[in-house]
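Thanks for coming. I'll go through one model, starting with a few single residues and then moving to helix packing, the contact between the chains and the cores.

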Amino acid sequence: MENVRSSTLPKKYHDAVVRWGQTFLPDYPLLLDNWEKFFPHDKRHELCAYRQMGMCDEIECGTMKGKPKFHKANEMTPELADHLLKAVKAQASTELGSIQQHQLTLARAPEEVDQFWVLRMMAEELRHGYQMFHVLLEDDWAAVSDTKGEDMVEEILQMRTGSHVLGAFNVDFDSFVDNIVFCALIDRVGKYQLAMQKVSAYKPMAESMPPMLQEEAFHLATGVVPIRRWVQSAAKEEGYVGMDHLQKVINKWFPRGLDMFGDERGGGSNVKMGLKPMNNAEAAKQYTEEVQQLVSDLNLRYLRARFPKLSRDEAQERLKRIVEKGDAVEGVGPDNLLRLPHHSFFRRRGIHAYQMIDIDGKKVETLDGFKSHLKSVLPEAYATARDMTKFFELMGKVVHGEVKADDAVHILPNLSRVGGVCPCSRAVRWVVDEPQKSNGH
Amino acid sequence: MATAKTGEIALRPVNELDIEAVCAIDEKLSGQDRPGEWERRISYYLRRDPELSLVAVEGKKVVGFMLGEVKAGEFGLEEPAGWIEVLGVDPQCQGRSVGKKLLEGMLAGFKARGAKAVRTLVNETGQKELFGFFEAGGFKSTPIRTLERKV
């Protein structure tokens, strides 16, 4: 990376992140020991913060467009600082939260290379969390916020799967397929958030983004490439992952990815304040188009592997016929291929939150019918997980008029583990914290 | 994702969703469907320097690609140099300066990364068109020779 400045946190905080890594990323030494084997000639991973120098000095969007960017927290209004700090907290929480999730099923990777790609990705997520801590700790927020940077760092380091800011990071992984689909779908949302924050009116935040985005590009490949292989193996009735299971895992994560963009009606304040260039709906639309392209490419790969004599054009034509007309050709119909769930399916944020809408976007009339539908289209291990139990409880209250859907979006997730901090324990109990208002991210 | 109006060619960094489009162009040029090869190659460049390698797009359609990286210390050549490993242009878009635009974009990227020279390997007799392309782009043969023996 050219024109990049690197630095480390004050020792106390650096050591705290290292200790956090020893708990939640115990295979980090293994990654470093095998770095040359899997990533020959690549710069070795370092736990530090990078800042891209020479970036735009003027605010790039919103009502202050053209004015100088803020270099220090005390140059901002409290309102702007509040929005920014929420974004930093959410970003840091996602980085560390994903490591806790990945660690649960990392050892179940069927291929060693996929395992080490995910492990590298986890190490880079730790660096991204470190980067956000650097943003929090390098400035003095006292003039614009009651929140001290050090308190926020401590709070984030204490978060566990179940108490993170965004819903997608409070869902346990059930198999290594989760690791991979998560990279392809949820890290893709991360890419959007990072790309949008690259224009941030707060220059230290903007400068933090390019090095993170560089690493994020590999994280998306860490997801997409194994899925491509799995789809081709499934077409030949080989391998470990069938199309049906892959579809169910996509159904699990795609709605959480859309939720991460926030309410479709929101995001305008961030644009006005110069923190992001797109509102939530615009960003979610682009994201959906990307995932749709991924699904189409995977289906094409499936057909080409299943029918190797078909030319690319013939396979494209056949794919169109199967998807658009619903035809089955030589035993392959729409149910054998992948699809994107409807954008209103299984949502917990935004206009469609806590509505009983099926995977096709059709309304389901009864709660039992909706439960039954979700159990049929989600992975079995997830459909019976605590997260779903709590979701159904809340959904029931919304259906019976005891809780408004707009209020329900602020209630989940607020689950935290008891029984220590060991991330490898799958037998820990859960307790429900007092509901807290979401910060809207 | 960067797009260009129909008829206009724009450049943007390659990403993991371009693998299939690159496979398609390669298949048109080589007659082979090689998904594993492009998954491997594109992943490599994405983890090395994802902003450097480029695709050319018309609208949202990928019509060309060029992959490369900056290396230093290889073969005793200590000075940082850009290396162009592979390029491909959709045959339907050839003659529209797609390759030239990709080359200009890559050269700018190499320069920004401190490269003092840009190198590639071309079979002068077997790839005359490609050789001509690089010659027109200002590339010259150098005393550095490729040595090869059968094993």
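A definition to begin with: helices, of at least four residues, and strands, of at least two, are DSSP runs, and they are numbered from the N terminus. Please keep in mind that this is a predicted model.

Let me start with a loop in chain A. Between β2 (49-52) and α4 (78-105) of chain A there is a loop that holds A:Lys65. Is A:Lys65 buried or exposed? A:Lys65 has 12 other C-beta atoms within 10 Å, and a residue with 12 or fewer counts as exposed, so A:Lys65 is exposed. Not counting residues up to four places away in sequence, A:Lys65 touches A:Ile59, A:Glu60 and A:Gly274. For a sense of distance, take A:Ala383: 318 residues separate A:Lys65 from A:Ala383 along the chain, and their C-alpha atoms are 47 Å apart.

Next, two backbone angles. Most residues other than glycine have a negative phi. A:Glu330 has a phi near 50°, which is a positive value in a residue other than glycine. A:Tyr354 also has a positive phi, near 55°, and is likewise not a glycine. Where are they? A:Glu330 is in the loop between α12 (312-325) and α13 (367-377) of chain A, and A:Tyr354 lies in the loop between α12 and α13 of chain A. Their surroundings are another matter. A:Glu330 counts as exposed, because there are 10 C-beta neighbours inside 10 Å of it. A:Tyr354 counts as buried, because it has 24 C-beta neighbours inside 10 Å.

Now helix packing. Two packed helices are described by the angle between their axes and the distance between the axes. In chain A, take α7 (residues 176-197) and α8(A): their axes come within 8 Å and cross at roughly 160°. An angle over 145 degrees counts as roughly antiparallel, and therefore α7(A) and α8(A) are roughly antiparallel to each other. Their crossing is left-handed. Which residues of α7(A) and α8(A) meet? From α7(A) they include A:Ile180, A:Val181, A:Ala184, A:Asp187, A:Arg188 and A:Leu194. From α8(A) they include A:Met205, A:Met209, A:Met212, A:Leu213, A:Glu216, A:Leu220 and A:Ile227. By class, the contact of α7(A) with α8(A) has 14 nonpolar, 5 polar and 4 charged residues.

In chain B the pair to look at is α1 (residues 19-30) and α2(B), whose axes come within 9 Å and cross at roughly 125°. That angle makes α1(B) oblique to α2(B). The crossing of α1(B) and α2(B) is right-handed. α1(B) contributes B:Ile19, B:Val22, B:Cys23 and B:Asp26 to the contact, and α2(B) contributes B:Pro35, B:Trp38, B:Glu39 and B:Ile42. These residues divide into 6 nonpolar, no polar and 2 charged.

Helix α2 (residues 35-48) of chain B also holds B:Ser43. B:Ser43 has 20 C-beta neighbours inside 10 Å, and so counts as buried. What does B:Ser43 touch, leaving aside its neighbours within four places in sequence? The residues in contact with B:Ser43 are A:Ala221 and A:Val225. Within chain B, B:Ser43 and B:Val98 are 55 residues apart in sequence, and 23 Å apart from C-alpha to C-alpha.

That brings us to the contact between the chains. It involves 19 residues of chain A and 19 residues of chain B. On the side of chain A, the elements that give two or more residues are α8 (203-235) and α11 (280-306). α8(A) gives the most to that side, with 8 residues. By class, the side of chain A that touches chain B has 9 nonpolar, 2 polar and 8 charged residues.

Last, the cores. The largest nonpolar core has 137 residues, and A:Val181 and B:Phe65 are those with the most contacts inside it. α8(A) gives the most to this core, with 15 residues. Leaving aside neighbours within four places in sequence, B:Phe65 is in contact with B:Val14, B:Val22, B:Ile25, B:Leu54, B:Val55, B:Leu87 and B:Gly88.

Definitions and conventions:
Residues are numbered from 1 along each chain as its sequence is written. Chains are lettered from A and ligands numbered from 1 in the order in which they are written. This is a predicted model: local features need pLDDT of at least 70, side-chain atom pairs count only at pLDDT 80 or more; totals for chains, interfaces and linings use all residues. Two residues are in contact if their C-beta atoms, placed from the backbone, lie within 7 Å. Ala, Val, Leu, Ile, Met, Phe, Trp, Tyr, Cys and Pro count as nonpolar, Asp, Glu, Lys and Arg as charged, and the others, Gly among them, as polar. A nonpolar core is a set of buried Ala, Val, Leu, Ile, Met, Phe, Trp, Tyr and Cys residues joined through C-beta atoms within 7 Å. Axes are lines fitted to C-alpha atoms, for helices over the stretch in contact, and angles run from 0 to 180 degrees between N-to-C directions. Angles under 35 degrees count as roughly parallel, over 145 as roughly antiparallel, 65 to 115 as roughly perpendicular and the rest as oblique. A crossing is left-handed if the near helix is turned anticlockwise from the far one by less than a right angle, and right-handed if clockwise.
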